[in-house]
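Subject: Structure for your review, with notes

Dear colleague,

I am passing on the structure that we talked about, and my notes on it follow directly below. Please read them with the coordinates open beside you.

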Amino acid sequence: MKSVKVLLKFPSGQADMPVAWKFATEYGLEFSILQADIRPDRGGRCIMDITGEPENIEDALYYCRQANVQVTVLSRTMVWDDECCVHCGACTAVCSKKALSLDKETAELRFDNSKCIVCEMCIPACPTGAMRVDLMP
Ligand code: SF4
Ligand code: SF4
């Protein structure tokens, strides 16, 4: 089993495609809709979290692409909001990859995204909500 988050962009005229029904009945996928803004006359976009056998996910996304739905597989990334950060250092204690550290000279937090494995341990550790997960293409 595998889980992926995908962004589906529907052209106008394809907004009433029975994607959810197809995913469940034809490809045996479980899914939740994280965000949706679709209008019958204009098309729109939808972010879905899909779980299923890898080949079934591939087939389901192929079905979408064949119907001119633009498919983008999203990955998770951590975002540090430096305006909310009070540089207390609490997050550095739970970051096993040392992606978060306090600068020895300035005592300010430094975030090295290239070391981050998106384990999310820093989210509950932060008292100001300065760490969050975002989805990106
Ligand atoms: S998500 Fe994990 S690895 Fe990334 S900064 Fe937070 S604690 Fe460190
Ligand atoms: S725990 Fe939150 S407020 Fe404290 S240094 Fe880390 S990101 Fe900044």
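In what follows, Ala, Val, Leu, Ile, Met, Phe, Trp, Tyr, Cys and Pro count as nonpolar, Asp, Glu, Lys and Arg as charged, and the others, Gly among them, as polar. This is a predicted model, in which local features need pLDDT of at least 70 and side-chain atom pairs count only at pLDDT 80 or more, whereas totals for chains, interfaces and linings use all residues. Residues are numbered from 1 along each chain as its sequence is written, while chains are lettered from A and ligands numbered from 1 in the order in which they are written.

To begin with the ligands, ligand 1 is surrounded by 13 residues, the closest being Cys95, Ala99, Cys116, Cys119 and Cys122 (a residue is near a molecule if its C-beta atom, placed from the backbone, lies within 6 Å of it). Its shell consists of 11 nonpolar and two charged residues, with no polar ones. Around ligand 2 there are 13 residues, with Cys85, Cys88, Cys91, Cys126 and Ala130 as the closest, and here the classes are 10 nonpolar, three polar and no charged residues.

Turning to the fold, five strands form an open sheet in the order S2-S3-S1-S4-S7, paired antiparallel. Strands are DSSP runs of E with at least two residues, helices are runs of H or I with at least four, and both are numbered from the N terminus; two strands pair if DSSP finds at least two bridges between them. The edges are strand S2 (30-39) and strand S7 (131-136), each of which pairs on one side only.

Within this sheet, strand S1 (residues 2-10) and strand S4 (residues 70-80) are joined in the antiparallel sense by five bridges, and across this pairing Lys5 stands opposite Leu74, while Leu7 stands opposite Thr72. S4 is also linked to S7, again antiparallel, by six bridges, and Val79 has Arg132 in S7 as its bridge partner.

Finally, the protein chain is divided into domain 1 (2-68) and domain 2 (78-132), with bounds that come from an automatic or database domain assignment. The centres of the two domains, taken over C-alpha atoms, are separated by 34 Å.
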